[in-house]
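Visitor: I have this one open and would like to go through it piece by piece. Can we start with how you use your terms?

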Protein chains: 2
Amino acid sequence: MTGEFELIAKLRERLGVAAGDPGSGSNASRVALGSGDDAAVTVPGGATATSVDLLIEGVHFRRATAPLHAVGHKALAAALSDLAAMGAAPGEAYVQLGLPEDVDEAGSLELADGIAAVASEHGVEVIGGDLSRAPTLILAITVVGHAGSAADLVRRGGARVGDVVCVTGELGGAAAGLALIERAGPEAAVDPAQADALRRRQLEPQPRLEAGQALAATGATAMIDLSDGLGADAGHVAAASGVGLEIALARVPVQAGVAEVAAALETDAIELAASGGEDYELLATLPPERLELAGEAVAAAGLALTEIGRAVTGAGVVMRDPDGGTRKPSGFDQLRDHRPSS
Amino acid sequence: MTGEFELIAKLRERLGVAAGDPGSGSNASRVALGSGDDAAVTVPGGATATSVDLLIEGVHFRRATAPLHAVGHKALAAALSDLAAMGAAPGEAYVQLGLPEDVDEAGSLELADGIAAVASEHGVEVIGGDLSRAPTLILAITVVGHAGSAADLVRRGGARVGDVVCVTGELGGAAAGLALIERAGPEAAVDPAQADALRRRQLEPQPRLEAGQALAATGATAMIDLSDGLGADAGHVAAASGVGLEIALARVPVQAGVAEVAAALETDAIELAASGGEDYELLATLPPERLELAGEAVAAAGLALTEIGRAVTGAGVVMRDPDGGTRKPSGFDQLRDHRPSS
């Protein structure tokens, strides 16, 4: 098979990586030296937000159901979603790939194309990486985002009693999409176009980078991306902020087709929306008087912003059903729970 | 077993990670927000050098012969070695761990202790990470170093015809150490204290961060760390700089005990020193008039700096034996060659 250096050269080409040319990025690039040396060199200016994400075949995805292009897409999108949750502008990415014997050159380039599509859409420069043989497919992604100063970045711990709790976009789609991908049953219950959109939601999520920056600029006091599930992620904000969060489940916006898939799974839409995770929408808290402005700014980024609850005195998350009952926030524990259904 | 959040908390504690307290690092810290949020936040000031390294059990190490403490040590040390090769001052690290079922909590904390020991020795702050179940042990490390400006960082492409080629420290120890670890034969040929030092060289390499900064400050025109082997790494400098490099193998400094191990392997010391790799010493090119000053600066960092060759008109690397014959630079191709001997 192709050796390391030849394959790295081809991957670099697909990823649009400048091999060591200073100033080879966009006009606004902070990149002084791209891939191909011992380290990449950047001149960040203000503050940086850095997040790392590890994706492992058999744990986070299965190749039987996720095309390699989608695996690459989702890996970078999920990493960028953490920058969105800080309100950072996306900057650079570093991609470490572990390739098993049965991913050939064409497969690894398909993976790179998936990464490159997301990078290109969001103006991210891939400026470094590492490549290794591996027993199974492994992607470790590092992303760096930027802001004028550290104070411009929104943390999890700033929610105050009285703040409204909002989410961008619609929830439940990723969980419903996973069910459509992994099981034969629910397909018949859903409109085909909606089913396609749900599968795309699972396989090719969109990091809400513009919405995150809009929320940061309009006064979000705390923010997190919905990767583990609404209940679990709201719990992280509540704990970091030292407040309780009350969420009205009837207000949670649900993607079209989720209710039909949920019914076929003998559950309800709100269960998929509240516990499913991987929608990569943003949950933010805001002073009530900033809600209208924030909603307009998020709408300019092409998304709805929906008020779903309030920060209250206390601790933890209460998710209230329309009938007044409550649901336990369920989440996601990488070491305990999360296995593909194979 | 322990869940993700509990284990992350324990790993953070071992790694000395501040969970979200601004200004919790050293006085000189650029860290505004440590681990525990969607991203870590830093305020870099000048230029940053960033490198990523992926280590996979069965490809880069075997647990049968490398204790988990050493695996952690080597993972961070190898990553920092890339910063040393830029002349960057070490700053922050991000650690992504994939843990298989048979690495229990005690094992994962031993691994973290190995990482923490290197971080502590070099003033590196571990400020983020990710944790996942995995089929085999995986470590993906991101390191960030700093310099006043991008021009202060030394690239591979700056060697000029007439420059001297130098290496820090002594070579061959890591290859000899690997032979001692993986095979029964050579042990009897070597002094026990030397054998211990050779094994440590393989299992717990030292990133040459102070020497790298000293070389950058005293006029190094190009620099690389010796991870793939002298021949291969010199080849990267030659190619990036558009020069040839002539290396006198008789001048290459060899660690004590390497000759004896080489003899037991029916090869010679220079073969292990020139082709073995993983010594993580630095190769630098310098204008001849800067050699003395650079040597003094590297000596102040506790290492010898040895002139081993010259940059010449042409391309590629010629390694000359004392008898006038030449050896082919051999190197290391992660996808083709590098398998543990098991």
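Guide: Buried means under 20% relative accessible area. With that cut-off, the buried residues of helix H6 (residues 209-217) of chain A are Leu209(A), Ala211(A), Gly212(A), Ala214(A) and Leu215(A). Keep in mind that this is a predicted model.

Visitor: What comes just after H6(A)?

Guide: Gly219(A), which takes a positive phi of about 110°.

Visitor: Now H4(A). How many of its residues are buried?

Guide: Eight of the ten, so H4(A) is largely enclosed by the rest of the structure. The buried residues are Gly173(A), Ala174(A), Ala175(A), Ala176(A), Gly177(A), Ala179(A), Leu180(A) and Ile181(A).

Visitor: And what do those buried residues of H4(A) pack against?

Guide: Three helices of chain A: H5, H8 (258-264) and H9 (269-275).

Visitor: Take H5(A). At what angle does it pack with H4(A)?

Guide: About 105°, with the axes 7 Å apart; H4 covers residues 173-182 and H5 covers residues 192-203. The two helices are therefore roughly perpendicular to each other, since that term applies from 65 to 115 degrees.

Visitor: Which residues make the contact?

Guide: On the H4(A) side they are Gly173(A), Ala174(A), Ala176(A), Gly177(A), Leu178(A), Leu180(A) and Ile181(A). H5(A) contributes Ala195(A), Leu198(A), Arg199(A), Arg201(A), Gln202(A) and Leu203(A). By type, the residues of this contact divide into eight nonpolar, three polar and two charged.

Visitor: What does Thr65(A) touch?

Guide: Beyond residues up to four places away in sequence, Thr65(A) touches Ile181(A), Glu182(A) and Leu203(A). Thr65(A) and Ile181(A) are 116 residues apart in sequence, yet their C-alpha atoms are 6.6 Å apart in space.

Visitor: Where does Thr65(A) sit, and is it buried, partly exposed or exposed?

Guide: Thr65(A) is in the loop between S3 and H2 of chain A. Its relative accessibility is 22%, so Thr65(A) counts as partly exposed.

Visitor: What about Glu57(A), where is that?

Guide: Glu57(A) lies in the loop between strand S3 (47-56) and helix H2 (68-84) of chain A. Glu57(A) is buried, with a relative accessible area of 16%.

Visitor: Which backbone nitrogen does the side chain of Glu57(A) reach?

Guide: That of Leu137(A), at 2.9 Å. Setting aside neighbours within four places in sequence, Glu57(A) is in contact with Arg63(A), Pro100(A), Thr136(A) and Leu137(A).

Visitor: Changing topic: two chains. How can chain B be laid on chain A?

Guide: By a turn of 180° and a shift of 0.0 Å along the axis, with an RMSD of 0.0 Å. That is the relation of a two-fold axis.

Visitor: Through which surface do the copies meet?

Guide: The same surface, because 99% of the interface residues of chain B are also interface residues in chain A.

Visitor: Give me one residue that touches the other chain. What does Asp37(A) touch?

Guide: Not counting residues up to four places away in sequence, Asp37(A) touches Met86(B), Val154(B), Arg155(B) and Arg156(B). A polar atom of the Asp37(A) side chain lies 2.9 Å from the backbone nitrogen of Arg156(B).

Visitor: Is Asp37(A) buried or exposed?

Guide: Asp37(A) counts as buried, at 16% relative accessibility. Its place is in the loop between strand S1 (31-33) and strand S2 (40-42) of chain A.

Visitor: Over in chain B, what is Asp152(B) in contact with?

Guide: Apart from neighbours within four places in sequence, Asp152(B) is in contact with Met86(B), Ala147(B) and Ala216(B). Asp152(B) is found in the loop between strand S6 (138-147) and strand S7 (164-168) of chain B, and is partly exposed with a relative accessible area of 40%.

Visitor: Back to backbone angles. What is phi for Glu266(B) and Glu278(B)?

Guide: Phi of Glu266(B) is positive, about 60°, and phi of Glu278(B) is near 70°. Most residues other than glycine have a negative phi.

Visitor: Are those two buried or exposed?

Guide: Glu266(B) counts as exposed, at 77% relative accessibility, whereas Glu278(B) is buried, at 12%. Glu266(B) is in the loop between helix H8 (258-264) and helix H9 (269-275) of chain B. Glu278(B) lies in the loop between H9 and strand S10 (282-286) of chain B.

Key: Residues are numbered from 1 along each chain as its sequence is written. Chains are lettered from A and ligands numbered from 1 in the order in which they are written. This is a predicted model: local features need pLDDT of at least 70, side-chain atom pairs count only at pLDDT 80 or more; totals for chains, interfaces and linings use all residues. Side-chain values use heavy atoms; hydrogens and water are left out. Axes are lines fitted to C-alpha atoms, for helices over the stretch in contact, and angles run from 0 to 180 degrees between N-to-C directions. Helices (H or I, at least four residues) and strands (E, at least two) are DSSP runs, numbered from the N terminus. Angles under 35 degrees count as roughly parallel, over 145 as roughly antiparallel, 65 to 115 as roughly perpendicular and the rest as oblique. Contact means heavy atoms within 4.5 Å. Ala, Val, Leu, Ile, Met, Phe, Trp, Tyr, Cys and Pro count as nonpolar, Asp, Glu, Lys and Arg as charged, and the others, Gly among them, as polar. Copies are superposed by least squares on the C-alpha atoms of residues with pLDDT of at least 70 in both. Buried means under 20% relative accessible area, exposed over 50%, partly exposed in between (1.4 Å probe, protein chains only). A polar contact is a pair of N or O atoms within 3.5 Å; within protein, one must be able to donate a hydrogen and the other to accept it, and residues adjacent in sequence count only if both atoms are side-chain atoms.
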